[in-house]
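Look at the sequence and the model before reading on.

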Amino acid sequence: MNAFDTHRGIAVAFLTHNIDTDAIIPSREMKRVSKEGLGEGLFANWRYAAPDDRTPRADFALNQAPTNEASILLSGRNFGCGSSREHAVWALAEFGFRAIIAESFGAIFQKNCIANGILTAEVDTDGIAGLAQWCADDPAQHQLHIDLRARVISGPTGKNVRFNIAESDARKLLSGLDPITETLADVERIDRFEADHLRRSPWVDLSTDDAGT
Amino acid sequence: MASTLFDKLWASHRVTASDDGDDLLYIDRIALHERTGTIALNALAARDLPIRHPQHVFCVMDHIVDTLPGRGDDTQMPGGRDFIVSTRKAARHFGLRTFDVNDPDQGISHLVSAEQGFALPGLTLVCPDSHTCTLGALGTLAFGIGTSQAEHALATSTLRLRKPENLRVRFEGALAPGVFAKDLILKYMAEYGADAARGAAVEYAGSTVAALGIEDRMTLCNLAVEFSAFSATVAPDQTTFDYVHGKPLAPTGAAWETAVAQWRALRSDDDAAFSAEHLIDASRVTPMVTWGISPAQAAPLGGRVPDAQALDTPLGRKALAYMDLKPRQPLAGLPIDAAFIGSCTNARLSDLRVAAQLLKGRKVAPGVAAVCVPGSSRIKREAEVEGLDQVFREAGFAWREAGCSMCFYAGGETFGPGKRVVTSTNRNFEGRQGPGVRSHLASPAVVAASAVRGALTAPTELS
């Protein structure tokens, strides 16, 4: 997993609430059993002329310079709600996004972001509106700088915006360590818990033929 | 200290707590489907990591598998066959029980979990599918996860999670005729919004919920993810025990008695505190339907689309344009092109019975495409024993094999651009059922009544 510490980049704003993962990547764009090749399907319904016509729609921000090089996405409430598809995050990452700033996030989507080294920063309504306005004025010059340790987004001169992220998520992003390796490093504690758990509720254990009898 | 149901479920699975706020939570059961699960299996295989408890994992073909009679590995989705073949191969590699394309117990993963007794009260169960919360109806702590989390759960039988807040949603009162669990939850979302739970674990409670059967409780729990819940559970009671008893993987004999005694303690203490509590007077709920592109954009079927002022937001404007509706437009009588009964939300036996009762001796209106896809092969078989398939067919519904089908569009089947569909499913997102398709979520009864009239219709209007 990619670590995240600080990042500077162009921001693009989609300020609608409840942008769902079907919008981030429609199901029909998940064409193969793979975590790759998904960037092209990002926001496909909004980005292209038609499902069978890849002509870019000129009115969509990801088709316009310089926001076609955006690495930070600003949105409203409940961003990434809906389907659990991690493809939404893989598509955002492949396009080049490193951070999402929103009022709140869909719970599964938010965890998927952290698992892929993408920052999810929670900012209040006014903070997002201010950042979006400033970035839209001159996207190439008005880039955002995000400092995860300080929990600060620097945008308009002299105006830092604080963001929230759970301590455990910040730690995962900063370390970039593989969570499976970390958990298995102390597998004995799982073994101990499991022995007690299965003794207490033996029907949990399906590993033997006589389970539940 | 007084505990909630969720506190008890969480505490009984907490392996350790870390100082950064995460808990390591033990995961009893993992379900996988061909759409997202196979990617997790392949990722583990590529790292040469074993599954800690292969007996506690199953695979099922539900998302992409065809639902036309005589189906095989080929699907209408381009490249879909590869998902099915890859899943079979990965499952064999890890020695996982697989409910394959034409297995008599195949079905939508959440329904298979319930039918098999794979989900039980008091267990933790995850699946890389957001509607896993459906199984909270059994008193299971069940929640959807991503593929990376699935890899972690498979390899370690644990997940690292922050314990979410705990919201209680109470429904009180008796339901009016023609009103079902789907109407209750659409009403709740219309009132409290698509982010009502803000990631909290939800407990459904109240006299209405206590009187509902397990299948209706599943509908309530299923839609919890649509208002941003982490999970949704109903405290297990005699209704639950009666449902679980005799399921293939449920405990038997003395173990059953021990289990039930343990499960009876799975309820919130009387003085337990919740971070928030919401209340719906169920006796005042009428048949509901969504008019927009978020499940919370719902209104009474006898009502109207909200007024222009209320819709003067980016989401409001987008919804009106996409759905081709006007502010204050009446919902009843809106002509439809198609009717769909299916999905993990509302395609269980009780749903099919309700719809069939309305369809018996009636015909689908001319020009309306009507499709019924039972949620599982077992449900399909049981419905056929009761002759429900005949009722659906004679009314003009297509009667399909089990699967997720047209709940979403994967590049295969769709009703077509611009078509207005009344659907018993869970998401009315833009393009969810196909590019340009306009989805109106409703109960199976509203779907059946609307199919007959060719326009949005309350079930009580038919008689």
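In chain A, four strands form an open sheet in the order 2-5-6-7, with parallel pairing. Strands (E, at least two residues) and helices (H or I, at least four residues) are DSSP runs, numbered from the N terminus, and two strands pair if DSSP finds at least two bridges between them. The edge strands of chain A, strand 2 and strand 7, each pair on one side only. The model is predicted: local features need pLDDT of at least 70, side-chain atom pairs count only at pLDDT 80 or more, and totals for chains, interfaces and linings use all residues. Residues are numbered from 1 along each chain as its sequence is written, while chains are lettered from A and ligands numbered from 1 in the order in which they are written.

| Strand 2 of chain A | 11–14 |
| Strand 7 of chain A | 119–122 |

Strand 2 of chain A is joined to strand 5 of chain A (residues 72–75) by four bridges, and the two run parallel. Ala13(A) has Leu74(A) of strand 5 as its bridge partner. Helix 5 of chain A (residues 125–137) packs on the sheet and touches strand 2, strand 5 and strand 6 of chain A. Contact here means C-beta atoms, placed from the backbone, within 7 Å.

Chain B gives 67 residues to the contact with chain A, and chain A gives 53 residues. Helix 5 of chain B supplies the largest share of the chain B side, seven residues.

Terms used:
Contact = placed C-beta atoms within 7 Å. Axes fitted to C-alpha atoms, helices over the stretch in contact; angles between N-to-C directions.
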